[in-house]
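I opened my notebook to go through this structure one piece at a time. These are my entries, in the order I looked things up.

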Amino acid sequence: MEITTTGLNAITSPHLHVWDWRVSLYLFLGGLSAGLAIMTSILHVRKGGSLAEGERAAISAPIYVPVILSIGMIFIFLDLERKLNVFWFYLTVQPLSPMSWGSWGLLVFYPVSIMYALAMFPEQKRHLLKFRQLQELSELLSRYKLKLAALNFAMGIFIGVYTGVLLSSFVARPLWNSAILPVLFLTSAMSAGAAFMIIISNQKKVKLYFTKVDIWLVLAEMVLLPLFFYGQYTSSGANRESIMPFFTFSHDYFLYGIGMLLLLVILPIALVMKYLEVKEDHGEDLTASELMKMNVSALMVLAGGMIIRFTFVYAGQLSHLS
Amino acid sequence: MPKYAMVIDERRCVGCMACVVACKKENEVPPEQFRTRVVEKVEGKFPTLRMELRSELCNHCDNPPCVYNCPTGASYKNKENGMVLLKKYRCVGCKSCVAACPYDARYINEEKGFADKCTFCEHRVKEGNQPACVATCIGKSRIFGDLDDPKSVVSVALRDNHSEVLLASTGTRPRVYYIRKFGKPE
Amino acid sequence: MSFEFSRRSFLKTSGLLSAGIVASSLLPDKFLLWAEEQGMIKGRYTPTFCEICFWKCGAIAKVVDGRVMKLEGNPVHPGARGKLCARGNGGTGLLYDPNRLKTPLISTGARGEGKYRKATWDEALSLVADKLTAIKQKYGPEAVAIFTHGTPTDHFLPLLSAYGSPNVGMPSFAQCRGPRDVGLELTFGEGIGSPERLDMVNSKVVVLFGSHLGENMHNSQVQDFAEAVGRGAKFIVIDPRFSTAAGKAHTWLPIKPATDMALMLAWINFLLSEGLYDKEYVAAYANGLEELTAAVKEYTPEWASKETDIPVYQIVETARLLGKNAPAVCIHPGRHTTWYGDDVQRTRCMGILMALLGSWGREGGTFMATKASFPKGAAKPFPEPSKAPLNLGTFPFAGAEGVTQAIRSSTISGAPYPIKGWFVSGTNLLKAIPNQKETLEAIKNLDLLVAVDVMPFDTVMMADVILPECSYLERYDALAVGKGKSLTVSLRQPVIEPLYESKPGWWIAKELAKRLGLGEYFPWNSYEDKIKGQCALWGIDYEELKKVGTITIPNTATPFITPTNPPEFKTASGKIELYSKELKEKGFDPVPRYTKHQQPAKGEFRLIYGRSAVHTFSRTTNNPELHELYPENEVWLNTEKAREMGFSNGDYVTLKNQDGAVSNRIKVKVTERIREDCVYMVHGFGTTSKELKNAFRKGADDQGLITRYAVDPICGGTGMRVNFVRLEKEKNNA
Ligand SMILES: Nc1nc2c(c(=O)[nH]1)N[C@H]1C(S)=C(S)[C@@H](COP(=O)(O)OP(=O)(O)OC[C@H]3O[C@@H](n4cnc5c(=O)[nH]c(N)nc54)[C@H](O)[C@@H]3O)O[C@H]1N2
Ligand SMILES: Nc1nc2c(c(=O)[nH]1)N[C@H]1C(S)=C(S)[C@@H](COP(=O)(O)OP(=O)(O)OC[C@H]3O[C@@H](n4cnc5c(=O)[nH]c(N)nc54)[C@H](O)[C@@H]3O)O[C@H]1N2
Ligand code: SF4
Ligand code: SF4
Ligand code: SF4
Ligand code: SF4
Ligand code: SF4
Ligand SMILES: [Mo]
């Protein structure tokens, strides 16, 4: 068959390329901040809050959440072609548009995460807050710790899911158009959050706790990924086509194949490392090499999350219905 | 209220691209960007060949994913005439609609940044004119009119011929119909 | 495709920094958008007619704020019927082409070096006038020849005639319609006209030899084509290539190139021997049936099948289809008919078929031109040249448009007398006439080469003086009189003032005439005055014409033969000449006879060429609106051959012809749509003019490979499909 088309737009032909590294990074950072939000709630609530005691991350993690989110938001903002119109996001609610939900959701997420950070600010250190009003606010909010934690957790889940729904809502892009995608993205967001927590925490018990959490999450990710591909493969022709970039090592798709290989290597290794970390007998303090191993495995999980976002954003745009 | 639709009679398309250029001039579409295109498809082996010439544009879907995915309400389905249109001043250029359209009918206006596409030449239709591509269509392959009016050219064409829509299975319910072969509706 | 970081996006990103500036500059833009949506911006509409090709469609220009926004077809113009083709729609691309000629230019280097300095009009015109006067004094006025095409002709041909030279050459004859017009004149006493008087809309069967309608994009003719297809008329398309028209056909006959006459003669023979012809019509109007019958006896379908590669059954079936549907059969006589050097005879075959089917002057066949005409005004008669014209060459049936290459030969040889000046307007000779070497050699011999043009195309860049004409949207030109079914008149008027320092052709001609002491031949002040005078004489309301663009004179149509409207054949015998005494007298075959043409050797392909629907020859290749649709041509190569030779779709190759001429690099289009013995490309590409930023060295120039041409001895037409090429992998793209 010979097809010649006159009048094609470069951004849709030979395939869609409207979203690039900016959106990928946004989805990753958005997911990371969501995952971290979930993990901080866990940190503060689990074991009656004893985990958080004396833990540096108990203060810093809630602060990281809005900061990372803000960095992510800068990238999505950079991607907008008419930046001066952003206010329109907030003059309307579009019930069918995940992006509309997302932008409102983020609007709620911000104050929640900031209030949460304030609420969790330990009493002894309140003097570090520059303004008196902030100190008062922190004190006031600390009374609602549990409620805020629940809210923060819920918002984290919401944003984590949202980053996947954003893509999965496009019937036109078969790779994305899967109900597994939001779950996969949420899981990967949470495991990234846990990994980040491992890196920023200073106490052995916390690190080991989140390592255990992460083992389950990475495992879940490793189940979800093949499930996703299996689902696509057994679906319609276009869906089946859509995963080809990951499994053909042809010139055009080389990077996707590499991405897939990396995931195949990174996640299991991280998993094994984490398993060993948990099994190992640790002394009172973690040794430098133990610390390093933990950080490396955590970084691997983060990298995995990044690879998933990048390859899915790009490969999804290669897939089409016709 | 009129229910506007376009019928494209592929048998009559001569692949002249008059529609492509007329559309660009009418709607000040920037260089290298297009609201409509012409697909030329040839199947078979020499000397038994078959050619299909098909012009494509926004389908003004009754179930438009581009509208559903627009976060700002810039893209909307005009309730009165059924056209899928854009409030340019609202568009943030997030490109969701571009990604959402299964027909690759949209582009980002290179000069102004908003997501643009065929408007069925609403401004012309309002004044009682044919869309620019229809007006200049050399083969009278493109015809335009009101589906609610049983005497309109589109109603007659759809009644007298078998027609199809593109990617029917996506459930977008296009308002651009294609007549491919000679023959009555099935 | 991989992770790509588009440059554009990066630029946009960094543009964020200047958001403040953007904010302020967006305001008026927003206002305009809003105003437009509110319908507050309204255009001014001016009718004129198109000059992107020679169909001269009525166009209406929409002007907003002094800028031509859009062109639309004029509904009352018979060639447009409210529609313009892609090229006509893209006319503003010529108007606003940044590479347009903007000021007069005088060469400061050697000819062809492309070095110019800007000059004032006065300086440039005086220089041209001085040189023309010098040539006249030294060699006589006949030593200046004019090459022209399109409406500039209406201004510069009179100038040359007034100056005293009979030597005009238009590529529209010897490189285009010449053989067809002569062939039909010899048969019916008149040509088919332009626009061709074909009643395709009412045909039951239409035959296209070549004639790649759809790609050959003559507006109303293609409208008729689509109408006929839509109505279910059966098309028989004879073409070595699966053209757009072939894609619509009932029968596509992928004929071996250069053998069309075999098929036609076999059809004639078959129709005669089966008695499938319109006996009444032939008896009433035609001469020479017996001679014809005898002469075509040998041309059996079996014989033709071997010549043409078309199966016997298809030859027979199609012949029956013709016979059964007569007279509503339209045999398109073609337009570009300078193919193989025996083209008058090939057209004669088509004429004979039309006569046998009784389709000339009949519904579904051809229709007759209006008999009405406008009165001729009084004008000062031109001086009688003292030397015989040499633009007819040695061809007994050469037409008044002249044989371009005959002038070229004389310019090279100086015989029968020298040609020392060329005046070139509206034609790109290097692209239009075969064998560029000869053209360049002739140009070397000149004392003066003047070009009047809108764009710096190849030939223009050889000129000593370049005079920038404004585009058709900025000027008055001669009234276009249409002699189709009815008598029509159309006005070309400026829709905006000329841009830059460009000037209308009439002004240039008049100013030159003034400087040559020929002012009295241009006795009006402005061209509008001249047109007004003509309208007064013709009884046409000028103000009305200005408003509507085209006026059709009522009750002037007498299209078909009826008992009260008998046909008139202005041949020697007053009848349709199946057998041509005229040809016989000049030593040619009175009934067409088949001649075998050379076929390509192994490894070679015959080079054939044609049109792209979105371009006109070379002239639109730089037009931004059209360039973006088809920026460079491709060489079509049969899939099987491509596989054998190891070429993939999109590979760049160079073509080398039998004489060693090598083309610019060109993309291969690997396709099932062409025979194995030929390659095809769209004419007009591969310009060598650096001034053309879009078109420079894009694609390959077919003319550069047409070093050989077969001259039709009857009319001088140059058969240009007689070259063979080989494909070579592109060595480097330097
Ligand atoms: N878009 C556009 N349209 C135009 C023009 C333009 O520049 N652009 N120019 C106009 C002008 S002035 C002219 S003269 C016409 C020219 O257009 P036509 O009169 O249609 O030209 P042809 O040479 O008949 O047609 C070219 C076709 O002939 C086929 N062909 C080549 N060799 C042979 C052969 O041996 N036998 C047969 N049967 N077919 C063969 C080719 O494959 C090709 O499809 O187009 C007019 N229309
Ligand atoms: N190899 C090959 N040769 C061919 C053909 C082919 O198909 N292949 N086709 C043949 C045919 S059918 C024809 S009709 C001829 C056509 O031959 P030409 O008419 O010479 O065609 P173009 O190459 O378009 O050159 C047109 C020139 O006129 C200029 N021009 C355009 N508009 C205007 C204007 O308004 N005013 C002035 N002053 N200049 C203007 C353009 O800028 C350009 O320089 O070529 C013939 N030669
Ligand atoms: S064709 Fe695409 S852009 Fe047009 S309405 Fe349908 S989904 Fe929207
Ligand atoms: S690009 Fe504009 S129209 Fe498209 S979805 Fe975003 S805001 Fe809506
Ligand atoms: S209807 Fe108007 S906007 Fe749509 S393709 Fe046709 S000309 Fe373009
Ligand atoms: S203008 Fe009409 S005939 Fe020409 S390409 Fe477009 S749809 Fe086809
Ligand atoms: S056929 Fe096209 S290019 Fe030629 S005059 Fe008509 S509109 Fe212009
Ligand atoms: Mo021509």
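Entry 1: a pair in chain C. Which residue forms a salt bridge with C:Arg177? I looked it up, keeping in mind that this is a predicted model. The partner is C:Asp181, and the closest N and O atoms are 3.3 Å apart. Both residues sit in helix 7 (residues 171–188) of chain C, and being four residues apart there they are separated by about one helical turn. C:Arg177 has a relative accessible area of 12% and C:Asp181 has 13%. With under 20% counting as buried, C:Arg177 is buried, and C:Asp181 is buried too.

I noted another pair in chain C. C:Arg675 makes a salt bridge with C:Asp677, with 2.9 Å between the closest N and O atoms. Both of these residues are buried.

Entry 2: salt bridges in chain B. I wrote down the overall count, which is 68 salt bridges over all chains. One I picked out is B:Lys41 with B:Glu52, whose closest N and O atoms are 3.5 Å apart. B:Lys41 belongs to strand 2 of chain B and B:Glu52 to strand 3 of chain B, so this pair ties together parts that are 11 residues apart in sequence. Both B:Lys41 and B:Glu52 are buried.

Salt bridges with shared partners join B:Glu10, B:Arg37, B:Lys41, B:Glu52, B:Arg54, B:Glu56, B:Glu164 and B:Arg180 into one network.

Entry 3: where chain B meets chain C. How many residues of chain B are in contact with chain C? I found 47, in contact with 50 residues of chain C. The area buried between the two chains is about 3,700 Å², and carbon and sulfur atoms give 56% of it. B:Lys25, B:Phe46 and B:Ile138 supply 19% of the area that chain B buries against chain C, more than any other three residues.

I looked at C:Glu227 and B:Lys140, whose side chains meet in a salt bridge at 3.6 Å, N to O. On the chain B side, the elements giving two or more residues are helix 1 (18–26), strand 2 (37–45), strand 3 (48–56), helix 4 (122–126) and helix 5 (132–136). Helix 1 of chain B gives the largest share of that side, seven residues. By class, I get 24 nonpolar, five polar and 18 charged residues there.

Entry 4: where chain B meets chain A. Here 43 residues of chain B are in contact with 37 residues of chain A. Together the two chains bury about 3,400 Å², with 59% of it on carbon and sulfur atoms. The residues of chain B that lose the most area to chain A are B:Pro71, B:Val92 and B:Lys95, together 17% of what that side buries.

B:Lys95 came up again in the salt bridges. Its partner is A:Glu81, and the closest N and O atoms are 2.9 Å apart. I count three salt bridges between chain B and chain A, and 23 residue pairs in polar contact. Strand 2, helix 2 (65–68), helix 3 (96–100) and strand 6 (107–108) of chain B each supply at least two residues to the side that touches chain A. Strand 2 of chain B supplies the largest share, seven residues.

Entry 5: strand 10 of chain B. I looked at which way its side chains face. In a regular strand the side chains alternate between the two faces of the sheet. In strand 10 (residues 176–179), B:Val176 and B:Tyr178 point one way, B:Tyr177 and B:Ile179 the other, and all are buried. Strand 1 (residues 4–9) of chain B pairs with strand 10 in the parallel sense over four bridges, and B:Val7 has B:Tyr177 as its bridge partner. Strand 9 (residues 163–164) of chain B runs antiparallel to strand 10, with two bridges; B:Ser163 is partnered with B:Ile179.

Definitions and conventions: Residues numbered from 1 in each chain as written. Chains lettered and ligands numbered in written order. Predicted model: local features only at pLDDT ≥ 70, side-chain atom pairs only at ≥ 80, totals over all residues. Heavy atoms only, no water. Contact = heavy atoms within 4.5 Å. Buried area = accessible area lost by both parts, 1.4 Å probe. Salt bridge = Lys/Arg side-chain N within 4 Å of Asp/Glu carboxyl O. Nonpolar A, V, L, I, M, F, W, Y, C, P; charged D, E, K, R; others polar. Buried < 20%, exposed > 50% of the residue type's maximum accessible area, 1.4 Å probe, protein only. Pairing = 2+ DSSP bridges. Polar contact = N/O pair within 3.5 Å; in protein donor to acceptor, adjacent residues only side chain to side chain.
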